[in-house]
Amino acid sequence: MPYIILAIVVILFALSVRVVPQAHEYVIEFLGKYRKTWGAGIHFLIPFFETIAKRITLMEQLLDAPPQPVITEDNVTMQIDSVVYFRIFDAKLYAYGAVNPISALENLTATTLRNIVGELDLDGTLTSRDVINAKMTEIIDKATDEWGIRVTRVELKNIIPPKEIRDAMEKQMKAERERRETLLQAEGHRDAIVTRAEGEKHAAVLAAEGERDARIARAEGEAKAILLQKQAEAAGIRALMEAKPNATVLELKRYEALIKAADGQASKIIIPTDVAAGVAKNVVWNETTGIGNTTAPAPKAPAAPEVDPCCDRFKDDE
């Protein structure tokens, strides 16, 4: 008998001990009425009086709703697939807030999506995913507070327009790509022409600068040559003045100047009167003194042979 009682006590103790895992909560009912919520750890349950009504996980969960037919403002029907991320923050509300909270969340997501997309046109739906996600998250999270559910975010996973719309969109995208290609080619051709023109302009500028520099260099060289020539002439004149030349030497220099003036294409030379008078005087002086004659004297006539009285008489006899 004592062994039977001991066995019964051990069985009841084993039935009363419960261990709640981490990130889980148990809803406990006492004779069908909510009593308390167990967190993670070891707990003791009163056999036959207390029961575990709900085992709930507190980790974030994913609700992958099936594609929903949605009509836009411009009467385009499309299929939209969405996902909802949520977690349970109150086990009691989750256990007693709704009969089937997950099914209620799924239907709430579908109706909210239809309401939001119904206010947008096709282009707005395709380009406003972030706006739709934010609005759905705000609306669904506020509505599920009474169920103990907190919605962290909602994402539109896929938007499938009708086949006709997809074909039209593909044609539009193809036309847009062709337009961009044509525009890029035109811009490239324009840039090439501008670049070529700039290159020719730069080359012309460089050529003009080179010609200018060459002319400047030639002009500087000619100026330097003239300067050196004049310096040489000045040095010659200075040396001539230092030598104290007489009037004859000066007249000769004047003649040399006249000769240089005549060494060209001129057919006539005008000689000043003072120069002509000086030349006449010089001629008279040369004729008188014989200085400066340029004509060589004529050769003398050969002398007659002398007669030999000794030998020439025999020639007569012959």
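Ala23 counts as partly exposed because its relative accessibility is 22% (buried means under 20% relative accessible area, exposed over 50%, partly exposed in between, with a 1.4 Å probe and protein chains only). This is a predicted model, in which local features need pLDDT of at least 70 and side-chain atom pairs count only at pLDDT 80 or more, whereas totals for chains, interfaces and linings use all residues. Residues are numbered from 1 along each chain as its sequence is written, and side-chain values use heavy atoms, with hydrogens and water left out.

- Ala23 lies in the loop between strand E1 (17-20) and strand E2; helices (H or I, at least four residues) and strands (E, at least two) are DSSP runs numbered from the N terminus.
- Leaving aside residues up to four places away in sequence, Ala23 touches Ile56, Thr57, Leu58 and Met59, where contact means heavy atoms within 4.5 Å.
- Ser16 belongs to helix H1 (residues 2-16) and counts as buried because its relative accessibility is 9%.
- Beyond residues up to four places away in sequence, Ser16 touches His43, Phe44, Leu45 and Pro47.

**The sheet E3-E2-E5**

- Three strands form an open sheet in the order E3-E2-E5, with antiparallel pairing; two strands pair if DSSP finds at least two bridges between them.
- Strand E3 (33-38) and strand E5 (50-57) are the edge strands, each pairing on one side only.
- Strand E2 (residues 24-30) is joined to E5 by 7 bridges, and Glu25 has Ile56 as its bridge partner in E5.

**Salt bridges**

- The count comes to 11 salt bridges, each defined as a side-chain nitrogen of Lys or Arg within 4 Å of a carboxyl oxygen of Asp or Glu.
- Lys157 forms a salt bridge with Asp64, with the closest N and O atoms 3.0 Å apart.
- This pair links distant parts of the chain, 93 residues apart: Lys157 in strand E9 (residues 149-160) and Asp64 in strand E6 (residues 61-64).
- Asp64, Asp81 and Lys157 are linked in a network of salt bridges.
- Glu176 and Arg180 form a salt bridge at 3.2 Å, N to O, and both lie in helix H6, 4 residues apart, about one turn of the helix.

**Lys163**

- Lys163 is located in helix H6 (residues 163-242) and counts as exposed because its relative accessibility is 52%.
- Lys163 and Met78 are 85 residues apart in sequence, and their C-alpha atoms are 9.7 Å apart in space.
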